[in-house]
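Dear colleague,

Please find the structure below, handed over for your files. My notes on what was found in it follow directly after.

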Amino acid sequence: MNHDLHRLFLSQLAPDEILNDAAAIEPLLWDDRGRFYGAADIVLQPRAVASVQKILRLCHENRIAVTPQGGNTGLCGAATPAGGVLLLLHRLNHIGAVNHADRCITVGAGAVLQQVQAAVRAENVFFPLSLASEGSCQIGGNLACNAGGINVLRYGTARDLVLGLEVVLPDGSLISQLAPLHKNTTGLDIKQLFIGSEGTLGIITAATLKLFPAPHDTATLWANCTDIAACVRLLNVLRRHCGDRVKSFEMISAAALSVSLNDLQQTPPAGEVGAWQVLCDLENEAGCPPWQERLPEILLEHGFDDVLLAQNDSQRARWWQLREHIAAAQKRRGVSLKHDIAMPIATVADFVTACGQAVQAAFPHAEIVLFGHLGDGSLHYNVFLPDLPDKRAYAHEDALNQIVYRHVLEHRGTIAAEHGIGVMKREWLQHVRTPAEIAIMRALKNHLDPHHIMNPGKVLPD
């Protein structure tokens with residue numbers, strides 16, 4: 001710990017707002033994958049927004065770098081500190097009462113996503129943001145990275161689920177717009193500047209989140225498909241007949257499913273592992289006409305005869321466990337080189353074929369573990385090198401990125417769909433954003449953070 005900084009912040013904060021436990025600090029310096037390791041001169045854990053303001057005011061005046069960290073579940077190194085202050089937000093974890101009239105809830109940035117889901121479920125409403133790390137990720141981090149998850153198809157990304165935001169700016173001043181306004185046309189929507197900014201423009205301290213009617217019933221289907229074209233055709237059939245009731249539509253390759261099955265020691269839902277699997281949720285609200293009864297008939301009419309419908313909640317939960325466990329199973333197996341990408345749905349099949357051939361040509365023994373949210377064109381394209389199951393694989397990361405991202409760009413896609421840019425992808429930003437767009441981003445950064453203290457070395461390329 002830097003003793004000068006300790007004295008500086010102790011003059012403004014309570015003693016327990018400074019974390020001194022070396023054993024507790026050490027894991028905070030690593031990212032979730034063990035890919036990036038950082039350093040912090042001091043670790044602060046404010047228990048109130050006023051403390052966050054004091055911290056940033058001191059950092060602004062003394063040119064001290066600040067790295068905000070929520071649940072530390074990010075995959076691109078955005079929350080890994082690079083000296084200065086590591087700012088933990090877990091104490092700003094209040095969860096307000098559900099506002100049924102405006103169908104919203106105000107929560108602190110440190111509130112864990114799963115706890116927010118449970119709080120609103122108890123009030124018979126629904127917050128749709130859902131991802132594999134929801135048991136530990138925090139709302140502030142979700143918003144800072146514009147998290148996606150499995151329900152984007154119907155409800156949109158994190159930025160679509162926010163009515164109001166509270167942010168502390170780099171100089172310590174506060175913008176607090178938490179009122180649940182459903183319409184507001186007074187100029188630019190300032191909150192959207194901070195959603196997806198990965199802590200480079202300010203610190204999100206609270207948010208007012210949109211809620212939705214609790215699903216009255218849910219139909220979950222598991223389908224074996226011969227190829228990606230058939231998966232896309234199934235998506236189109238379901239959207240044509242069920243409209244916006246299609247909540248999630250996941251595509252899972254045979255390799256991805258096998259990794260999860262082997263780790264969980266389970267058998268595949270359909271008895272055998274097909275080339276591609278689809279896992280889909282369709283939901284209905286109370287008072288809406290039922291349509292599930294005709295679903296098997298509709299699928300048969302369109303040639304989909306290898307489809308299972310979950311018969312109970314236990315079966316539905318097991319299927320979703322197989323999908324959500326893929327990332328954890330990969331981690332237990334060893335190091336994977338991960339790519340969080342998205343592209344127009346119509347181009348996914350061509351991309352997978354072309355990119356797969358290029359990867360195999362360069363890395364003949366590579367295993368491509370592909371899964372993701374086909375309903376919104378977002379894929380997790382992960383490559384495992386069996387002869388390099390440990391951190392030695394990272395020596396090939398740049399070469400592999402060149403292959404994967406080149407094909408992504410050729411298919412009009414993006415190199416960051418929902419995990420953000422962080423430190424890992426910042427030099428690729430210029431390939432998916434025009435010089436004019438990057439100039440706007442730099443101008444905003446320079447105006448709000450003239451001393452560049454906020455999460456330095458993240459997002460914007462050198």
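A residue is called buried at under 20% relative accessible area, exposed at over 50%, and partly exposed in between (1.4 Å probe, protein chains only). Please note that this is a predicted model, in which local features need pLDDT of at least 70 and side-chain atom pairs count only at pLDDT 80 or more, while totals for chains, interfaces and linings use all residues. Residues are numbered from 1 along each chain as its sequence is written, and side-chain values use heavy atoms, with hydrogens and water left out.

Helix H8

Helices (H or I, at least four residues) and strands (E, at least two) are DSSP runs, numbered from the N terminus. Helix H8 covers residues 228–242, and its end C-alpha atoms are 21 Å apart. This agrees with the span of 21 Å that its 15 residues should have at 1.5 Å a residue, where the expected span is 1.5 Å times one less than the number of residues. The buried residues of H8 include Ile-228, Val-232, Leu-235 and Cys-242. Among the elements that the buried residues of H8 pack against (contact means heavy atoms within 4.5 Å) are strand S11 (217–225), strand S12 (246–253) and helix H13 (348–362). At the N-terminal end, Asp-227 caps H8, with a side-chain oxygen 3.4 Å from the backbone nitrogen of Ala-229. Just after H8, Gly-243 takes a positive phi of about 60 degrees.

Aromatic rings

Rings of Phe, Tyr and Trp (its six-membered ring) pair if their centres lie within 6.5 Å; planes under 30 degrees apart count as stacked, over 60 as edge-to-face and the rest as tilted. By this rule there are 6 aromatic pairs. One of them joins Phe-351 and Tyr-381 edge-to-face, at 5.6 Å centre to centre and with 65 degrees between the planes. Phe-351 belongs to helix H13 and Tyr-381 to strand S18 (residues 378–384), so this pair ties together parts that are 30 residues apart in sequence. Phe-351 counts as buried at 0% relative accessibility, and Tyr-381 counts as buried at 1%.

Tyr-405 and Trp-428 are also edge-to-face, because their ring centres are 4.9 Å apart and their planes lie at 70 degrees. This pair links distant parts of the chain, 23 residues apart: Tyr-405 is in helix H14 (residues 397–410), and Trp-428 is in the loop between H14 and helix H15 (429–432). Tyr-405 is buried at 1% relative accessibility, and Trp-428 is buried with a relative accessible area of 14%.

A charge sits over a ring if NZ of Lys or CZ of Arg is within 6 Å of the ring centre and within 35 degrees of the ring normal. The charged end of Arg-35 sits over the ring of Phe-36, 5.0 Å from its centre. Arg-35 also lies over the face of Tyr-394, at 4.1 Å from the ring centre.

Loop residues

Leu-29 is placed in the loop between helix H2 (22–25) and strand S2 (42–44), and is buried with a relative accessible area of 9%. Leu-29 and Pro-81 are 52 residues apart in sequence, yet 6.6 Å apart in space, C-alpha to C-alpha.

Gln-265, in the loop between helix H9 (254–264) and S13, has a positive phi near 55 degrees, although it is not a glycine. At 74% relative accessibility, Gln-265 counts as exposed.

With kind regards

Definitions and conventions: Polar contact = N/O pair within 3.5 Å; in protein donor to acceptor, adjacent residues only side chain to side chain.
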